[in-house]
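User: I would like a careful, close reading of one part of this model, together with whatever surrounds that part. Please give the cut-offs behind each term as you go.

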Amino acid sequence: MAGSVSEIPVTLSDRELQVVELIASGLTNQEIADKLEISKRTVDNHISNILNKTPVDNRVALVRWAIQWGKVCLENINCCMLPAPTDKGLS
């Protein structure tokens with residue numbers, strides 16, 4: 001059911017989690033591409049894959065879902081649920 005935030009087990013790759021975190025921080029696809037040093041098209045593909053894996057159908061719902069399920073740490077919300085950050089290109 002697209003758009004609803006339900007309890008469906010979702011496994012995102014490390015790169016997909018990076019993209020979700022950058023979306024949550026308010027970056028555009030081009031800004032994400034620049035930050036990760038990849039093409040915008042690759043970012044577009046990551047986002048498409050993420051939306052297909054999750055029970056949401058847009059960026060706003062994705063951020064809400066990611067915060068609810070502890071997939072991102074945003075301004076000290078849900079940070080205790082996440083593993084310690086690693087240096088995987090987000091510095």
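What follows is a close look at helix H3 and the elements that pack around helix H3.

Analyst: This is a predicted model, in which local features need pLDDT of at least 70 and side-chain atom pairs count only at pLDDT 80 or more, while totals for chains, interfaces and linings use all residues. Residues are numbered from 1 along each chain as its sequence is written, and side-chain values use heavy atoms, with hydrogens and water left out.

The setting comes first. The protein chain has four helices and zero strands, where helices (H or I, at least four residues) and strands (E, at least two) are DSSP runs numbered from the N terminus. Along the sequence, this gives the pattern α-α-α-α. Of the 91 residues, 33% count as buried, a term that stands for a relative accessible area under 20%, with exposed meaning over 50% and partly exposed in between (1.4 Å probe, protein chains only). Among contacts in the protein chain with a separation of 6 or more, 60% are between residues 24 or more positions apart, a contact being heavy atoms within 4.5 Å.

Helix H3 itself runs over residues 40-53, and its 14 residues should span 20 Å at 1.5 Å a residue, in agreement with end C-alpha atoms that are 20 Å apart; the expected span is 1.5 Å times one less than the number of residues. The buried residues of H3 are Val43, His46, Ile47 and Ile50. Viewed down the axis of H3, these buried residues lie within an arc of 95°, so they line one face of the helix, the arc being taken over the directions from the helix axis to the C-beta atoms. An α-helix has 3.6 residues a turn, so residues three or four places apart point the same way. Arg41 and Asn52 are exposed on the other side of H3.

What do the buried residues of H3 pack against? Their partners are H1, helix H2 (29-36) and helix H4 (59-68).

With H1, the packing angle of H3 is about 95° and the axes are 10 Å apart; axes are lines fitted to C-alpha atoms, for helices over the stretch in contact, and angles run from 0 to 180 degrees between N-to-C directions. H1 is therefore roughly perpendicular to H3, a label that covers 65 to 115 degrees, whereas angles under 35 count as roughly parallel, over 145 as roughly antiparallel and the rest as oblique. On the H1 side, this contact uses Arg15, Glu16, Val19, Val20 and Ile23, and on the H3 side His46, Ile47, Asn49, Ile50 and Lys53. H1 (residues 14-24) also holds Gln18, which is buried at 8% relative accessibility. The side chain of Gln18 makes a polar contact of 2.9 Å with that of Arg15, a polar contact being a pair of N or O atoms within 3.5 Å, of which, within protein, one must be able to donate a hydrogen and the other to accept it, with residues adjacent in sequence counted only if both atoms are side-chain atoms.

On the H2 side, Asn29 is a residue of that helix and is buried, with a relative accessible area of 16%. The Asn29 side chain reaches the side chain of Asp44 in a polar contact of 2.7 Å. Beyond neighbours within four places in sequence, Asn29 is in contact with Lys40, Val43, Asp44, Ile47 and Arg59. The loop between H2 and H3 includes Glu37, a residue that has a positive phi of about 60° although it is not a glycine and that is exposed, with a relative accessible area of 73%.

On the H4 side, the buried residues are Ala61, Leu62, Val63, Trp65, Ala66 and Ile67, and H1 and H3 are included in what covers them.

Leu27, in the loop between H1 and H2, is partly exposed at 21% relative accessibility and touches Leu22, Ile32 and Arg59, residues up to four places away in sequence not being counted.
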